Amino acid sequence: MIKIGDYEFEVKDFDVDQVDISLDPPAEEPARQYYFIAKVRAILRERFEADVRSGAALSHYGKEKLEDMLTKKVFGTFAVVTFGCQMNEKDSEKLTAVLEQCGLEKTDSEQADLVLYNTCTVRENANQRLYGHLGYVHSLKKKNPNMIIGLCGCMMQEKHVVEKIQKSYRFVDLIFGTHNIFKLAELLSETLCKDTMEVDIWEGTDKIVEDLPAERKYPFKSGVNIMFGCNNFCSYCIVPYVRGRERSREPEEILKEIKNLASQGVIEVMLLGQNVNSYGKTLKEPMTFAELLKEAEKIDGIERIRFMTSHPKDLSDELIQVMKDSKKICRHLHLPMQSGSTRILKAMNRRYTKEQYLALAAKIKEAIPDISLTTDIIVGFPGETEEDFEDTLDVVRKVRFDSAFTFLYSKRTGTPAAAMEDQIPEDVAKARFDRLLAEVQKIAGEVCGRDVHTVQKVLAEEKDAREEGWLTGRLSNNTTVHFPGDISLIGKIVDVYLEESRGFYYTGRLKD
Ligand code: SAH
Ligand code: SF4
Ligand code: F3S
């Protein structure tokens, strides 16, 4: 039970109108944030009603939109623009839920009353994309001065970025980081009541705030955070600096969330963490990731379980066994190798060798022959020689990945690799990148089609983007399938005959 004054409620029953905002805000979380949701909502409503009376709302939204808003009882619009990985996607769902409860309506366009950018800084091009968007949104704000622009996420945990925004992007209203995203409602209430930029960045945290509102992009599948942060400090990577130390959620909280999702019709969960294989080490009563999976597997209604990401150094035999025995854990393992050269892996601080990676991949394939292995590879890490790169190609040829994300090494300020001598010239790295990509694609094209002419279980996920009357879905091993089907099948697992392999995806038809 959550308590604000005399009002006590469960998350799912929260009624914002029951909150007495004349009281002082509660000190404890999450009650405090529910209080601020009610407060922000009251401020937005008052402003919106004044604009309706003065006619400003009519000229701003137009007749049709305004009538729609009055019917829906919303007081403005918002967009959350997300960059980066699944953790950020998940965070954006949480931000979206809070903004909706504050009385704002979600739109996909940045022409909204509030735009929040959830940023990523894993590679330099992620940063560049944000600055591109900021230029655009600035032009929108010139036409709509009441617009609120917020920035949050990984990039905001970097001091030099925040300094740059404060100096050169003064039209931004709100900046917060990765450790305090649960505070969105409170920060918004501050922002709405002042004219200067609100900046709240925490250096780190050991706290996990549970039971905040949550929203889902898909009704039938959902990401579930099982841990936050990362302790690995791979020498190229900024994530441990911007996401803080590794913290695992209590298993009871995770399982409660999954049960709750199942009761709402979710059939697939994706367990999320930067290194799920080290789940549970920091708990008061330690638990392994494999044990957590076994518990999740018992939950009725959940039919598919996925997880991201596995660090090869922590992948246990216990996990392989649990995957092998499981009916629900998907036949897919994303196992980032980063490089095939033992020398480079050492400089990357990955803590495994080329031979260990190959042995691990072989062991997994032997135990679970139908598994699909995918990976991440960085090209052009400082000091990478032609010989090191050949080692990477060698592993790619030996493991035969179903797919691989290939990245050009990007120098991140503050990481050990950024200070290393012998940074690789761009043209050399780019040439290697192209060779690697060609190899990866050639192999993926050969491997991905192995289930052609068989009937497989497919989770129908959405309308096909290209073919009218078709659906797009996924196999357990994560390969995409396109097939003719009615939209009523979306969210269901159906039997599909895989007629043709087109390299990275199949086309098929429903089994009669
Ligand atoms: N926690 C995950 C990875 C998160 S970042 C893991 O360890 O597997 C996702 C991917 O981005 C990484 O696997 C890596 O391949 C890539 N990456 C991270 N930092 C990078 C950098 N500085 N330059 C290029 N690619 C990078
Ligand atoms: Fe970055 Fe390595 Fe942590 Fe992955 S495991 S987030 S690559 S430091
Ligand atoms: Fe990017 Fe942060 Fe994820 S830096 S990749 S959004 S953890």
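Start at ligand 2. Around ligand 2 sit C230, N232, F233, C234, Y236, C237, V239, P240, Q274, H311 and R350. This is a predicted model. By class, the shell of ligand 2 holds seven nonpolar residues, three polar ones and one charged one.

An unreviewed UniProt entry lists C230, C234 and C237 under "binding site".

Take C230. C230 sits in the loop between β10 (227-228) and α8 (239-243). Is C230 buried or exposed? Its relative accessibility is 9%, so C230 counts as buried; the cut-off for buried is under 20%. Setting aside residues up to four places away in sequence, C230 touches V239, P240, G244, R245, E246 and Q274.

Now move to C234. C234 too is placed in the loop between β10 and α8. C234 counts as buried because its relative accessible area is 8%. Which residues does C234 touch, not counting those up to four places away in sequence? They are H311, M348, N349 and R350.

Finally, turn to another annotated stretch. In an unreviewed entry, UniProt gives residues 441-512 the annotation "domain: TRAM". The span is 49% strand and 10% helix. The end C-alpha atoms of residues 441-512 are 33 Å apart.

Note on methods. Residues numbered from 1 in each chain as written. Chains lettered and ligands numbered in written order. Predicted model: local features only at pLDDT ≥ 70, side-chain atom pairs only at ≥ 80, totals over all residues. Heavy atoms only, no water. Near = heavy atom within 4 Å. Nonpolar A, V, L, I, M, F, W, Y, C, P; charged D, E, K, R; others polar. UniProt positions renumbered as here; feature names shortened; annotations may be inferred. Helix = DSSP H or I, 4+ residues; strand = E, 2+ residues; numbered from the N terminus. Buried < 20%, exposed > 50% of the residue type's maximum accessible area, 1.4 Å probe, protein only. Contact = heavy atoms within 4.5 Å.
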